[in-house]
Amino acid sequence: MTVPLKEISPIVAFVASFAVSKDVSSPYAFLWFSNGKVRASSGTSGAVWQTPGVDGEFAIRADGFAALIASLATERSEAEFTVTDTRLVVKAGAFRAQFPTWPADVESPREWLERDTPVDGVDIDESYWSAVSLVRPVASVDQGKPNICGVYWGGDGTLAATDNLRASFYNTRRAPTEGVLIPSSFLAAIGSSPAFTKAFVNDRELWYSTAAGAVYSSLYEAKFPKKQLLEVVAASRTATAAVTVAVKGQVSSVLDRLLFFASKPPYKVEVEANVDSVRLWVPEEDGGGKSAEEVLDRLPVDASPCAFSVDGKNLREAFAVSTSFRYSSGRSLYFASADGKFEHVLSTLVGA
């Protein structure tokens, strides 16, 4: 068969990223070609994609094969694939190689590798993925807390994420039949700007698909704490002190300078909002003599002053949402985008 290398190379590379690499003898370390498609699975997530020009049936180690096709595609437009009972032979110009295939008499894990893409589901588009990218940065990376290691997609269309210090919410108006926690590892595997246009959820897994292919992931059984987080947001939304400071770029620059003096977690920055100004400072804490402060103009909204300590890195990210926030003692800082669709809360530091 004649294979178009430049078309097939990115497909093979993407699908191969779902194969495992630690156990090279595992069926999950292989790419499985069949019926004009290529598949790979780690056992918990996987991909299936159409393969132009490849219509044979064989399975081959994913890592070395993907790298070879990528290399050939930089110099050749086509290659010849020949499949035998035990080998795949690849020829491209003066290059020739053969690869052992998965033994035909050894059963494959069909449950994962030969499943069909669901035909129904929820329509999604670029705005959905933009919303995911907004809330995803605050998702926990602590694998010991699987109930918050991902982005929650609720049955009402809300996307949410938290690391127990911050939480972000965005309403997409696109909803699965029930709430689902999208694992962070799965989102990392599919990339930051995927082109999937359909999403399908059942009680076991989540699928994203497009006309050319699909990816899927098994789901965590742990329950995302949506109700508790919504209560925090609701309380913070009605906080008494409203603070608006300068402009977005200026705030980021100020915090960048101050974070030089807060060099270790939790990167403590003190904030004091008065009627006409906001003072941010890092006091000397390590005996090294380093300290810094800067005063920003405050755009008066009300006359309620406030003071608190906060992680400066998290505060800098929150100011990317808005340069205005609300605060009351004992509550989280509340930020919202201009259109109100994106909400973000940030815990203050207590006893730090």
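In this predicted model, R237 and E343 form a salt bridge, with their closest N and O atoms 2.9 Å apart. R237 sits in helix α6 (residues 226–237) and E343 in strand β24 (residues 342–346), so the pair ties together parts of the chain that are 106 residues apart in sequence.

Another of them brings together the side chains of R257 and E294, at 2.8 Å from N to O. Here helix α7 (residues 248–259) supplies R257 and strand β20 (residues 292–297) supplies E294, so parts 37 residues apart in sequence are tied together. R257 is partly exposed, with 43% relative accessibility, and E294 is partly exposed too, with 23%.

K198 and D123 also meet through their side chains in a salt bridge, again with an N to O distance of 2.8 Å.

Turning to the sheets, one of them is open and has 4 strands in the order β1-β6-β7-β8, with antiparallel pairing. Its edges are β1 (2–4) and β8 (95–100), each of which pairs on one side only. From one strand to the next, the twist averages 25 degrees. Within this sheet, β6 (residues 78–83) and β7 (residues 87–92) run antiparallel and are joined by 4 bridges; V83 has L88 of β7 as its bridge partner. Helix α1 (residues 5–16) lies across β1 and β6, and runs at about 70 degrees to β1.

Of its 5 residues, 4 are buried, so β2 is largely enclosed by the rest of the structure. Strand β5 (residues 58–61) runs antiparallel to β2 and is joined to it by 4 bridges, with I60 in β5 as the bridge partner of L31. β2 also pairs with strand β3 (residues 37–41), in the antiparallel sense and over 3 bridges. There, S34 stands opposite K37 of β3. The hairpin of β2 and β3 has 2 residues between the strands, and N35 takes a positive phi near 55 degrees.

Neighbours within four places in sequence aside, L31 is in contact with V12, V15, A16, V38, R39, A40, F58, A59, I60, A62 and F65. L31 is also among the residues with the most contacts inside the largest nonpolar core, along with F65, Y208 and L315. That core has 89 residues, and helix α2 (residues 62–73) contributes the largest share, with 7. Another core lies apart from it and has 11 residues, including Y152, A160, F169 and L181. As a general matter, nonpolar side chains tend to be buried together in soluble globular proteins.

Helix α4 (residues 126–135) shows how burial can be arranged around a helix axis. Its buried residues are Y128, W129, A131, V132 and V135. These cover an arc of only 155 degrees around the axis, which puts them on the same side of α4.

Definitions and conventions
Residues are numbered from 1 along each chain as its sequence is written. This is a predicted model: local features need pLDDT of at least 70, side-chain atom pairs count only at pLDDT 80 or more; totals for chains, interfaces and linings use all residues. Side-chain values use heavy atoms; hydrogens and water are left out. Two strands pair if DSSP finds at least two bridges between them. Axes are lines fitted to C-alpha atoms, for helices over the stretch in contact, and angles run from 0 to 180 degrees between N-to-C directions. Contact means heavy atoms within 4.5 Å. A salt bridge is a side-chain nitrogen of Lys or Arg within 4 Å of a carboxyl oxygen of Asp or Glu. Buried means under 20% relative accessible area, exposed over 50%, partly exposed in between (1.4 Å probe, protein chains only). The arc is that of the directions from the helix axis to the C-beta atoms. A nonpolar core is a set of buried Ala, Val, Leu, Ile, Met, Phe, Trp, Tyr and Cys residues joined through side-chain atoms within 4.5 Å.
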